[in-house]
Amino acid sequence: MRIRENLDRLQSRALVLLWAVVFVLVLLGGSLIHFQILDGERWARLAVNNRLRKFPVPTTRGRIFDRSGVVLADSVPSWRLLLFPDEVDDLDTTLLFLHRMGVGSVIEFRERHRSRRLGTMAPLVLAENLEWEQVARIRSRQIDFPELAVVEGFRRVYPHGPALAHVLGHLRYVSQEDLETHPEWS
């Protein structure tokens, strides 16, 4: 076994390693201070919103037929644009983005935002019946605007015009016999 008498080289290596560890610990401490103290409120708000974000659950309504089997009322897919007001960092930038995407005007969005009656946790419906191109453009920039959400739902359509809308309705449950005689109803 070799015994070293000159430990200068070993001590200099240990000193470099010690400074490297101190540097990494200072970096980690700085990151913790940045995320916990300086940006802590923002991250806490995002965590709460992530946990409590509420989306409406879309449901379909059944088709309504006349006695000949002609569809009088139907449900078709539709997209709605929701804004979560408590997650907005810069409302002007968000509204300008939506205007550039062709969804609506900034003035209309501001009026909807101003006239809302629900609390800030409930989403605000900014637009309904969006076209697929608009949905694609908004979702492609979703990472830049997390306060926006496009939700798929259904809307009622009356092929024979809106004049029948007020008189149509569900009168009774569809029986098994009805399903056997009209398989297209299922």
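Which residues does aspartate 89 touch, not counting residues up to four places away in sequence? The answer is Arg42 and Arg45, with contact taken as heavy atoms within 4.5 Å. Aspartate 89 sits in the loop between β2 and α3. With 59% relative accessibility, aspartate 89 counts as exposed; the cut-offs are under 20% relative accessible area for buried, over 50% for exposed, and partly exposed in between, with a 1.4 Å probe and protein chains only. Phenylalanine 145 is 56 residues away along the chain, yet its C-alpha atom and that of aspartate 89 are separated by 9.2 Å.

A word on the model. It is predicted, with local features needing pLDDT of at least 70 and side-chain atom pairs counting only at pLDDT 80 or more, while totals for chains, interfaces and linings use all residues. Residues are numbered from 1 along each chain as its sequence is written, and side-chain values use heavy atoms, with hydrogens and water left out.

On to the overall layout. The chain holds six helices and four strands, and the order along the sequence is α-α-β-β-α-α-β-α-β-α. Helices (H or I, at least four residues) and strands (E, at least two) are DSSP runs, numbered from the N terminus. Of the 186 residues of the chain, 24% count as buried. Among contacts between residues at least 6 apart in sequence, 72% join residues at least 24 apart.

Strand β2 (residues 71-83) turns up in each of the pairings described here, where two strands pair if DSSP finds at least two bridges between them. With strand β1 (residues 64-65), β2 pairs in the antiparallel sense over two bridges, and isoleucine 64 has alanine 73 in β2 as its bridge partner. Five residues lie between β1 and β2 in this hairpin, and glycine 69 in the turn has a positive phi of about 90°. Strand β4 (residues 148-157) runs antiparallel to β2, and 10 bridges join the two; here leucine 82 is partnered by alanine 149 in β4. Strand β3 (residues 124-127) also pairs with β2 in the antiparallel sense, over three bridges, with alanine 127 in β3 as the bridge partner of leucine 81.

Now for threonine 94, which lies in helix α3 (residues 91-100). Threonine 94 counts as buried because its relative accessibility is 1%. Leaving aside neighbours within four places in sequence, threonine 94 is in contact with Leu83, Val88, Phe145, Glu147 and Leu148. Its side chain also reaches the backbone oxygen of aspartate 90 at 3.2 Å.

Next come the charged pairs. Side chains of opposite charge can pair when their charged atoms come close. Taking a salt bridge as a side-chain nitrogen of Lys or Arg within 4 Å of a carboxyl oxygen of Asp or Glu, the count comes to three. One of them joins aspartate 74 and arginine 63, with the closest N and O atoms 3.3 Å apart. This pair links distant parts of the chain, 11 residues apart: aspartate 74 is in strand β2, and arginine 63 is in the loop between α2 (40-52) and β1. Aspartate 74 counts as buried because its relative accessibility is 18%.

Aspartate 92 and arginine 110 also meet in a salt bridge, at 1.8 Å from N to O. The two are 18 residues apart and link distant parts of the chain, with aspartate 92 in helix α3 and arginine 110 in helix α4 (residues 106-114). Aspartate 92 is partly exposed at 46%, and arginine 110 is partly exposed at 31%. Arginine 141 and aspartate 144 form a salt bridge too, with the closest N and O atoms 2.8 Å apart. Arginine 141 is partly exposed at 34%, as is aspartate 144 at 44%.

Definitions and conventions:
Polar contact = N/O pair within 3.5 Å; in protein donor to acceptor, adjacent residues only side chain to side chain.
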